[in-house]
Amino acid sequence: MQQEYYLGIMSGTSLDGVDIALMTFGEKTQFIAAQFTPMPADLRQDLLQLISQGSATLQQLGELDQRLALLYAEAVNHFITRHQLQPQQIRAIGCHGQTVWHAPQGNFPFTMQLGDMNLLAAHTGIDVVGDFRRKDMAFGGQGAPLVPAFHQAWFYDDNWATVVLNIGGISNISILFPHQPIIGYDTGTGNALMDAWIERHLGKSYDADGQWARSGKVRSALLAEMLKEPYVQLLPPKSTGRELFNLAWLEKTLEKTTALLGEIPPQDVQATLLEFTAQSIALALNQLETSLPRRVLICGGGAKNGLLMARLQALLPQWQCRPTNDEGLDADYVEAAAFAWLAYCRLHNQPSNLPSVTGAQRAVSLGAIFPAETQA
């Protein structure tokens, strides 16, 4: 089988920027190169406002759709130039788009990702595969998480009870236990609340290595209130996002605690948010039973937070916690690599969702194809 090159694009709930991963599939599956493009401050602010308010004019929505596509295209073209590639060498781009709302429950379940895939194809000259989540939802699934199928393809090992933990804005896990159905779901918040809180108080987009959280102390009453969040106890399949875990959620939780205990210093809130992320993850993993040696392969921005990693290892004494880099895949680009793989599956009409993960009625090949239709 001839080797094929694919680009995967991911911009996640952290809204920090665009990840690109170059992959090969066919004779050999390989992670070749990657690139990060920061999200322009004005675009990030407009997206945060849309997500926090849950509403926008049709004009604003349409413009954001275009602005994201142009950002993706600029990032791809820069990547291709930097790595001395030609567009025709890339079989397809797998682009997730930017999730602005995800509502898999209710009478009319839906998910919404922005980023015009037609515009991306036109500006790069490369076929694009996008709109991955809605096919799964059309067959009764949650439309998330989608990466466990890729995690299975890359990280599965008969000798280990493996969990792949992605800590982005939201934390999600893929449970890859030998001879058992693959399970995957969002455990709850990842970095989203910590990022929003430090941005409000210190004007920083994230808490580097958990330094601000280290300066505070965990408030047990506040942590207990956070852990009462019904989503944490909800059984899978389940998925969530910023539409739940946002500053409004945090302020409501703080009100319940401060009414009894008084004001809590901001750094203590940050320390408690980090502990909430760690404990909600640990709660999910410590419920799992196996006789095999256990490992947690960690990816996403949270893998760089030393304090969060230390808390996870302390809360998971039976598990070996280490980054996905140890398995040949850069922790920063696992999700981008996954969408390159999903594009490959779509063009080869291979099923790429896992009904045991999403709750869909059956396995289907995810994504819609947007041809570049360039002329020779």
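Is Cys299 buried or exposed? Cys299 is buried, because its relative accessibility is 0% (buried means under 20% relative accessible area, exposed over 50%, partly exposed in between, with a 1.4 Å probe and protein chains only). Welcome to this predicted model, where local features need pLDDT of at least 70, side-chain atom pairs count only at pLDDT 80 or more, and totals for chains, interfaces and linings use all residues. Residues are numbered from 1 along each chain as its sequence is written, and side-chain values use heavy atoms, leaving out hydrogens and water.

**The sheet**

- Five strands form an open sheet with mixed pairing, in the order 10-9-8-11-12 (strands are DSSP runs of E, at least two residues, and helices are runs of H or I, at least four, numbered from the N terminus; two strands pair if DSSP finds at least two bridges between them).
- At the edges lie strand 10 (183–189) and strand 12 (319–323), each pairing on one side only.
- Strand 8 (residues 161–167) runs parallel to its partner, strand 11 (residues 294–299), over six bridges.
- Val163 has Val296 of strand 11 as its bridge partner.
- Helix 12 (residues 306–315) packs on the sheet and touches strand 8, strand 11 and strand 12 (contact means heavy atoms within 4.5 Å).

**The cysteines**

- The whole structure holds zero disulfides (a disulfide is a pair of cysteine sulfur atoms within 2.5 Å).
- For Cys299, the nearest cysteine sulfur belongs to Cys321, 13 Å away.
- Cys345 is too far for a bond, because its sulfur is 17 Å from the closest cysteine sulfur, in Cys95.
- Cys345 is buried, with a relative accessible area of 1%.

Technical notes: Axes fitted to C-alpha atoms, helices over the stretch in contact; angles between N-to-C directions.
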